[in-house]
Amino acid sequence: MELRNLQCERRGLCVAVAVALLGTFAAPASAAPGAEVATAAQPQDSSETDTRPATTPATNLATVVVTANKRSERLQDVPMAVSALEGDQLRREAARNFADYAAEVPGLNLISAGAGQTQLILRGITSGANTPNATVGTYIDDVPYGSSTIYAAGSVLTPDIDPDDILRIEVLRGPQGTLYGANTLGGLLKFVTTPPDSTRFAGRLQVGGNRVSGGDSGFDTHGMVNLPLVQDKLALRVNAYSRKDPGYIDDVASGRQDVNDADVRGGRAQLLWTPTDKVSLRLSALAQNLSGDALANGGVDVDPVTLKPLYGDLTQSRAAGTGKLDVRYRLYDASLDADFGWASLVSSTSYGKLDRASNADMTTAYGPILNPMLGLANGGYSMDNPMSLGKFTQELRLQSAEDQTLAWRAGIFYTRERTTNTQDVLVFDASTGEPIALPLVLGHVSIGPASFTEWAAYGDVTWHVSPRFSLLLGARYTRDRTTFTQTSTGILVGDTDFTIRGSDNPTTFLVNPSFKISDDLMVYARVASGFRPGGPNVGVPPGLGAPLTFGPDKLVSYELGLKSSMLDRRMTLDVAGFYIDWSKIQLTSFAGGFSFLGNGGKARSQGIEASWQYVAATGLVLSANGSWTDAKLAADATPALYALDGDRLPYVPRWNASLAADYDFPLGGGWSGFVGASYRYIGSRLNDFNTAPGPRFAVPGYHGVDLRAGLNVGRWTFKAYVKNLTDERGISSIGPETIDPLAAPFGAIYVAPRTVGLSASIEY
């Protein structure tokens, strides 16, 4: 039982991409050939090649090396659309969550229900806020994060990594089903952490505070230490952080202010052993906790037609004692790398554990029905929902050197996860929160234990036909099996006790030719596929027509792109166009206030993405990103949804854009400074598909402006920042709070109001 969270065709596309390609060809590259060829031949991480201090003004763009293809290679040489967000820049921007930097990645959008509840969308691949399982995979280094199934918050469980631990974030756009497997239909987001350094001692300490306009104050502390335990052989790196994210929503029922504040704590320890220059072993453990008294009740109560708040700006009305959200995630992994000369072996072993509990207010939905039935004058209702996840993964990969005429790779992947998910409808006095004893059970569902097992084998071959032309071919075969047990009782759900099993055997493929017109200009094409696993359905009361199982959904993507570096590495321009066919979409349908899954309809998404960087003068770096996405149903959806051929997919804006400028400058006497500004635009969207006849509601587009400035002196850095300077009321998502999908009130999730912050840090 899961109540709804009351919350140009191909031709035109190809012409547009061709125009972009021709426009870039007309601008000849002027990089120094010898220097650039040397860099390309021996790529290094940007943090290693760019040895100038962070306060030294830039004169050109640093070489960025990514591991998107599970090999270290220069970003401009990767034949697919990849964005890399550097850790230094994230720290400068005081970026703490996805909302802070999503606009910097073309084609990346979010649907958020509040802290700890964020769905990532790439290239428009989503069925809305009720998408049951992730369409964008999340990795920390070589380790998958979160659940592969629908039974443990698979679509909204995203990591909260301390920026001090991040070397960069890599965003791979387009399906990644060959290398990364299930749940990467839209792409993959990968956190690359900073490894321990066995050559030197280092540390960093930062403290900061902030305040939200019309809301509360927050604080944050971060600490890092790197210890070389055995010179050149063994090192330990430890990060820890604690912060309070300020609240800004008031509850008119209880009179409480700033109820949506959050406490976030976490840390990561890594031990790196390099007994020889050919072998390394890295062990790591990550912990992150998030908790809040009202996070499960996120949202401002609004009229769905006018979107005006019902009780005043940034206010809600919730029953007493509801809203608690607590998320605890632990991740342990061991990564072994061994170079045999003729090939290298990579082994990645991990275990993740999730404990999540929430208690969301359902009074507006259940009260009008149950209070007259039960004879209660002021009954309140909530959904108590604890869940747990234990997930083990093992990957073995053997691969040749990349510089061979035929570079090859073969790997196997195994995962097993076990989940439990309990849902209880509680009744209490809506004003006081005191429990009300009833002679009957309203609703109790035990979803699980559910077990999911996946085996996969994959491989690819890159044929370097000439120094300029390469062809990459890849495939992956997956076999997965799910076993699901459910028991339930109560007047809302009926009595059930059953076990269902399901299995799938999907195959994904990749065809990826690329051609280097020069050392600084590459064009590529990419045809790739992806999938999400199916499985047993979560049961609902008899007679509502829920199928016993749902099948995998699949897509095929066609991409054409260009990557260029110009003006002696002072400018880069990347352009990509794509067309995606998505079939057998996994859709959440509703009946009687309960949700179930089915496969229905088809969709297509097409678009153009571009990103640009330019060192306009010494120390002055300009950047811009933009995307146009046209994502629509290509056939009618399931009968339970009023979603027809041609309807736009939920929460996918046609236009996204961002602009940024950062300037570093010396001040003399060992002092230097920096200033920066960012602008982002997220276009208008439509909300979820309806479950009853009626219009869908529009979610307006919004703008955002961020400012930052700071001083460096010796080992100290002092920084000030403003986020959402204009105090925009941008909406991430809206959803009904009643069983009627068209009736007020709706809950609207806003971006954080204007936030002003200060911080000081020291490195040693």
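E609 counts as buried, at 2% relative accessibility; buried means under 20% relative accessible area, exposed over 50% and partly exposed in between, with a 1.4 Å probe and protein chains only. This is a predicted model, in which local features need pLDDT of at least 70 and side-chain atom pairs count only at pLDDT 80 or more, while totals for chains, interfaces and linings use all residues. Residues are numbered from 1 along each chain as its sequence is written, and side-chain values use heavy atoms, with hydrogens and water left out.

**Overall build**

- The protein has 6 helices and 43 strands; these are DSSP runs numbered from the N terminus, with helices being H or I of at least four residues and strands being E of at least two.
- A compact globule of 764 residues would have a radius of gyration near 27 Å, and the 26 Å of the protein agrees with that. The radius is taken over C-alpha atoms, and the globule rule is 2.2 Å times the number of residues to the power 0.38.
- The C-alpha trace spans about 85 × 60 × 55 Å along its principal axes.
- Of the 764 residues, 58% are buried.

**Salt bridges**

- Side chains of opposite charge can pair when their charged atoms come close.
- The whole structure holds 39 salt bridges, each being a side-chain nitrogen of Lys or Arg within 4 Å of a carboxyl oxygen of Asp or Glu.
- R173 and E609 meet through their side chains in a salt bridge of 2.8 Å, N to O. This pair links distant parts of the chain, 436 residues apart: R173 is in strand β8 (residues 166-173) and E609 in strand β33 (residues 602-617). R173 is buried at 5% relative accessibility, and E609 is buried at 2%.
- D293 and K324 form a salt bridge with their side chains at 3.1 Å, N to O. D293 belongs to the loop between β15 (279-292) and β16 (300-302), and K324 to the loop between β17 (315-316) and β18 (325-339), so that distant parts of the chain, 31 residues apart, are linked. D293 is partly exposed, with a relative accessible area of 40%, and K324 is partly exposed with 47%.
- E417 and K391 are joined by a side-chain salt bridge of 3.8 Å, N to O. The two lie 26 residues apart in distant parts of the chain, E417 in strand β21 (residues 406-429) and K391 in strand β20 (residues 379-399). E417 is buried at 1% relative accessibility, and K391 is buried with a relative accessible area of 6%.

**Aromatic rings**

- There are 15 aromatic pairs in the whole structure. Rings of Phe, Tyr and Trp (its six-membered ring) pair if their centres lie within 6.5 Å; planes under 30 degrees apart count as stacked, over 60 as edge-to-face and the rest as tilted.
- F484 and F498 make a tilted pair, 6.3 Å centre to centre with 55° between the planes. F484 lies in strand β23 (residues 469-489) and F498 in strand β24 (residues 496-504), so the pair ties together parts 14 residues apart in sequence. F484 is buried, with a relative accessible area of 0%, whereas F498 is partly exposed at 24%.
- W612 and Y614 also form a tilted pair, at 5.9 Å centre to centre and 35° between the planes. W612 is partly exposed, with a relative accessible area of 26%.
- F98, Y101 and F191 are linked into a cluster by ring pairs.

**Charges over rings**

- K70 lies over the face of Y180, 4.6 Å from the ring centre. A charge sits over a ring if NZ of Lys or CZ of Arg is within 6 Å of the ring centre and within 35 degrees of the ring normal.
- R92 has its charged end over the ring of F674, 4.3 Å from the centre.

**Strand pairing around β36**

- Strand β35 (residues 655-668) pairs with strand β36 (residues 671-682) in the antiparallel sense over 12 bridges. Two strands pair if DSSP finds at least two bridges between them.
- A657 has Y681 in β36 as its bridge partner.
- The hairpin of β35 and β36 has 2 residues between the strands, and G669 in the turn has a positive phi of about 65°.
- β36 is also joined to strand β39 (residues 702-713) by 12 bridges, and these strands run antiparallel. A677 stands opposite L707 in β39.
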